[in-house]
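Please read the following note with the sequence and the structure in view.

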Amino acid sequence: MGSNVAPPYANAYMAHYEDTSIYTQDLFRSHALTWKRYIDDVFCVWGGDLRTLQAFFQVLRTSWPGLDFTMTYDTHHQISFLDTLVIKDDNGNLSTDLYSKPTDRNSLLHYSSFHPKNMIKSIPKSQLNRVSKIVSDPATKDLRTTEMRSKFRERGYPPRILDTAQANSTTRDRISATSRIPFVHQYHPAAYKLHRTIRQHWHILQEAYPTIQEFQHPFLPCFKRPRNIKDNLVRADIGPTHSGPTQRFLANPKTGT
């Protein structure tokens, strides 16, 4: 799925397939207790026996040309779905834990990598937040948090970064992104100074327009992908023959750029 439109196409294709070939099946209507799909991965809780499950799987494999299904099932204790391990205890209660393939390696971005600092700081926060949201048992959550911190320490992340990320990863009420005004622009080293200046003076808008709900929340800085070599070399539309000068930098460009 290297193309930007591949996930929407896959979702639309699978949604059509579900409506026409799955939801109408007698086996599905009789035994499927839960059916959750993420693009082309499906998590299903089957209420029938193994024989009916295998019969339904054969229907999936033969009902639509061009689609090939694989199935992993467990009739007793646990099953993996994407990065989540779903576990059933002896009383039938479900819990969740992180799942990693046996071949997985510590491929986290190294702290010394030449990436924007805010991006490097956000990776521990997102991964520790992932642990906090997926792992349901408190004791196991502490263990997975310690393991995740060890992975980041192996990749050169200082303890202060991990402490801040862990403190911010705890479950709390968050401001919806839809209620914040997005400020979209290309990345530039001077961008963070601009963001800091806007934040320092944002209270002027809040005090001047208290009835505008969007001003009561901080703005949302967003970076968009800049043009790369491919964009400059491969162009389907050459555009107008004459164009005026365009400012492409937040600061004055240096000679040679």
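1. Strand 2 (41-46), helix 3 (50-62), strand 3 (78-81) and strand 4 (84-88) each contribute at least two residues to the lining of the largest pocket. Here helices (H or I, at least four residues) and strands (E, at least two) are DSSP runs, numbered from the N terminus. With 6 residues, strand 2 gives the most to this lining.

2. This is a predicted model, in which local features need pLDDT of at least 70 and side-chain atom pairs count only at pLDDT 80 or more, while totals for chains, interfaces and linings use all residues. Residues are numbered from 1 along each chain as its sequence is written, and side-chain values use heavy atoms, with hydrogens and water left out.

3. The secondary structure of the protein amounts to 8 helices and 7 strands.

4. In the largest nonpolar core there are 15 residues, of which Leu98, Tyr111, Val131, Met148, Phe152 and Tyr157 touch the most other members. Such a core is a set of buried Ala, Val, Leu, Ile, Met, Phe, Trp, Tyr and Cys residues joined through side-chain atoms within 4.5 Å; buried means under 20% relative accessible area (1.4 Å probe, protein chains only). Helix 4 (117-134), helix 5 (138-154) and helix 6 (159-168) each supply at least two residues of this core, and helix 4 provides the largest share, 5 residues.

5. Apart from this core lies another, of 13 residues, including Tyr17, Phe28, Leu60 and Leu67.

6. Of the 257 residues of the protein, 23% count as buried.

Technical notes. Buried < 20%, exposed > 50% of the residue type's maximum accessible area, 1.4 Å probe, protein only.
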